[in-house]
Amino acid sequence: MRRPFSLLLVIVATLLGMTWLLQAPASYAADKTKPAEKDAKEEKPGIKKTVLRAFMRKKLAASQSILEGLAVEDFDLIAEGAKQLKATAGAAEFMAFNDPEYVEHADDFRRIINKLAVAAKEKRLDGATLAFLDITMSCVECHKHVRRGAVAK
């Protein structure tokens, strides 16, 4: 009983951290500049960035419903969240970059979502929980890759 509770606690903490990171400013250094400099440097976000941010919010909402399903052992909710993630993973916006490592992350994400959907269908809470952890790790690794790529450009 203690191990599943600890695992669930780790998942909740990870999602809360991801939510906090998504709401954080793009650059803390930019926030420390003088107001006049900040206004001069700020640009309105492009259409692509706005669409991508909304797209990522959809993925976050689906992830939150999966976590809720895991917490209350509602396999229909888990399956619905997996279905939403699968739909977003198939959308054109999902392939925001075209480098081989990003493509590998995207393929890995899709594979893990399928694992989650199967575990939900088979009503295997431990399998679904482990798949959700894999999804979370996949997201974190992909976001690290994208940040490294954005910094390098």
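Me: Where is Lys123 found?
Reply: In this predicted model, Lys123 lies in the loop between α6 and α7.

Me: What is the phi of Lys123?
Reply: Lys123 has a positive phi of about 55 degrees, although it is not a glycine. Most residues other than glycine have a negative phi.

Me: Is Lys123 buried or exposed?
Reply: Lys123 counts as exposed because its relative accessible area is 54%, and the cut-off for exposed is over 50%.

Me: Which other residue has a positive phi although it is not a glycine?
Reply: Glu73 has one, again about 55 degrees. Glu73 is found in the loop between α4 (47-72) and α5.

Me: Let us step back to the whole chain. How many helices and strands are there?
Reply: The secondary structure comes to seven helices and zero strands. Read along the sequence, the pattern is α-α-α-α-α-α-α.

Me: What percentage of the residues count as buried?
Reply: Of the 153 residues of the chain, 29% count as buried.

Me: Now α6. How far does α6 reach from its first C-alpha to its last?
Reply: The reach is 32 Å for 22 residues, close to the 32 Å expected at 1.5 Å a residue.

Me: Which residues of α6 are buried?
Reply: The buried residues in α6 are Tyr102, His105, Ala106, Phe109, Ile112, Ile113, Leu116, Ala119 and Ala120. They cover an arc of only 145 degrees around the axis, which puts them on the same side of α6.

Me: Why would residues three or four places apart point the same way?
Reply: An α-helix has 3.6 residues a turn, so residues at that spacing point the same way.

Me: And which exposed residues does the face of α6 turned away from its buried side carry?
Reply: That face carries the exposed residues Pro100, Glu104 and Lys121.

Me: Back to Phe109. Which charged end sits over the ring of Phe109?
Reply: The charged end of Lys59 sits over the ring of Phe109, 4.8 Å from its centre. Phe109 is itself one of the buried residues of α6.

Me: How many aromatic pairs are there?
Reply: The count comes to zero aromatic pairs.

Me: Changing topic: how many salt bridges does a search of the whole structure find?
Reply: The search finds six salt bridges. Among them is the one between the side chains of Glu101 and Arg148, at 3.4 Å from N to O. This pair links distant parts of the chain, with Glu101 in helix α6 (residues 100-121) and Arg148 in helix α7 (residues 125-152), 47 residues apart.

Me: What is the relative accessibility of Glu101 and of Arg148?
Reply: Glu101 has a relative accessible area of 36% and is partly exposed. Arg148, at 46%, also counts as partly exposed.

Me: Which residue does Lys115 form a salt bridge with?
Reply: Lys115 pairs with Asp134, and the closest N and O atoms are 2.9 Å apart. Here too distant parts of the chain are linked, since Lys115 belongs to helix α6 and Asp134 to helix α7, 19 residues apart. Lys115 is partly exposed at 39% relative accessibility, and Asp134 is partly exposed at 30%.

Me: What about Asp107: which residue is its salt-bridge partner?
Reply: Asp107 forms a salt bridge with Arg110, with the closest N and O atoms 3.0 Å apart. Because they are three residues apart in helix α6, Asp107 and Arg110 are separated by about one helical turn. Asp107 is partly exposed at 43% relative accessibility, as is Arg110 with a relative accessible area of 27%.

Me: On to α5. How far apart are the end C-alpha atoms of α5?
Reply: They are 22 Å apart, which agrees with the 22 Å that the 16 residues of helix α5 (residues 75-90) should span at 1.5 Å a residue.

Me: Which residues of α5 are buried?
Reply: Phe75, Ile78, Gly81, Ala82, Leu85, Thr88 and Ala89 are buried in α5. Their arc around the axis is only 145 degrees, which puts them on the same side of α5. The face turned away from that buried side carries the exposed residues Asp76, Lys83, Ala87 and Gly90.

Me: What does the side-chain oxygen of Asp74 reach at the start of α5?
Reply: The oxygen of Asp74 comes to within 3.1 Å of the backbone nitrogen of Asp76. Asp76 is also one of the exposed residues on the face of α5 turned away from its buried side.

Conventions. Residues numbered from 1 in each chain as written. Predicted model: local features only at pLDDT ≥ 70, side-chain atom pairs only at ≥ 80, totals over all residues. Heavy atoms only, no water. Helix = DSSP H or I, 4+ residues; strand = E, 2+ residues; numbered from the N terminus. Expected span 1.5 Å × (residues − 1). Buried < 20%, exposed > 50% of the residue type's maximum accessible area, 1.4 Å probe, protein only. Arc of directions from axis to C-beta. Polar contact = N/O pair within 3.5 Å; in protein donor to acceptor, adjacent residues only side chain to side chain. Phe/Tyr/Trp six-rings, centres within 6.5 Å; stacked < 30°, edge-to-face > 60°. Lys NZ or Arg CZ within 6 Å of the ring centre and 35° of its normal. Salt bridge = Lys/Arg side-chain N within 4 Å of Asp/Glu carboxyl O.
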